[in-house]
Amino acid sequence: MTPAPGPSFRFHRLLPGILLGLGLAATGTVSLVLAAEPPPSQRSVLDGVFSSAQISRGKKGYESLCARCHGDALGGGEDSPALVEADFLNNWYGKTIGALVEYTREEMPSDGPGDLTRKESTDITAFVLSSNDFPTGSAELAPELKVLNQILITPRK
Ligand code: HEC
């Protein structure tokens, strides 16, 4: 005689439905997260991420703090590398603007680093990037690491 179906038997019949439900819930969560936060790679230095007013401020900062080593036209000096063209850009392609802003803030000027605020460093970096022919936009580049760390430095098309 066959034993009467017990609780475990019923659970097995329910299992596919439970799994399907969980699967749908998980899929729903994933698409909500994707909709709320676009992947970081979506913004790059090609999107016009700094403004012309910001470049002017950055240029002044560059002239007073950086030009004596890196040159008026950013072409480099005796012991200082150029901040334009291939040698410079190849060091930074694939990294974020945040990495460049923080490198500048922490390491430059090389003979007395650590005095730049993040805002000054962001403005000067905007000027350096614009000198590499990356496009100007209408909005300022916010001096916030959370934002800066999401904007990729990628080759011009
Ligand atoms: C006293 C000279 C001096 C001054 C002033 C100076 N730098 Fe530098 N900078 C250097 C040297 C030397 C290096 C190379 C450092 C190394 O290789 O470790 C360098 C490297 C850099 C790099 C990395 C270059 C690359 O190819 O990756 C950046 C960016 C930079 N400097 C930006 C600045 C900015 C912006 C300022 C002004 C706030 C500044 N520097 C001021 C000497 C200077």
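Biologist: What makes up the shell around the ligand, by class?

Modeller: There are 11 nonpolar, five polar and three charged residues. Nonpolar means Ala, Val, Leu, Ile, Met, Phe, Trp, Tyr, Cys or Pro; charged means Asp, Glu, Lys or Arg; the others, Gly among them, are polar. Bear in mind it's a predicted model: local features need pLDDT of at least 70, side-chain atom pairs count only at pLDDT 80 or more, and totals for chains, interfaces and linings use all residues. Numbering starts from 1 along each chain as its sequence is written.

Biologist: Which of the 19 residues around the ligand come nearest?

Modeller: Cys 66, Cys 69, Met 108, Pro 109 and Ser 110. Helix 3 (67-70) gives the largest share of the shell, three residues. Helices here are DSSP runs (H or I, at least four residues), strands too (E, at least two), numbered from the N terminus.

Biologist: Which residues of helix 5 are called buried?

Modeller: In helix 5 (residues 97-107), Ile 97, Gly 98, Leu 100, Val 101, Thr 104 and Arg 105 are. Buried takes 20 or more other C-beta atoms within 10 Å of a residue's own, exposed 12 or fewer, partly exposed in between, with C-beta atoms placed from the backbone.

Biologist: Why do you put them on the same side of helix 5?

Modeller: Because their arc, taken from the directions from the helix axis to the C-beta atoms, is only 165 degrees. On the other side, Glu 106 and Glu 107 are exposed.

Technical notes
Near = placed C-beta within 6 Å.
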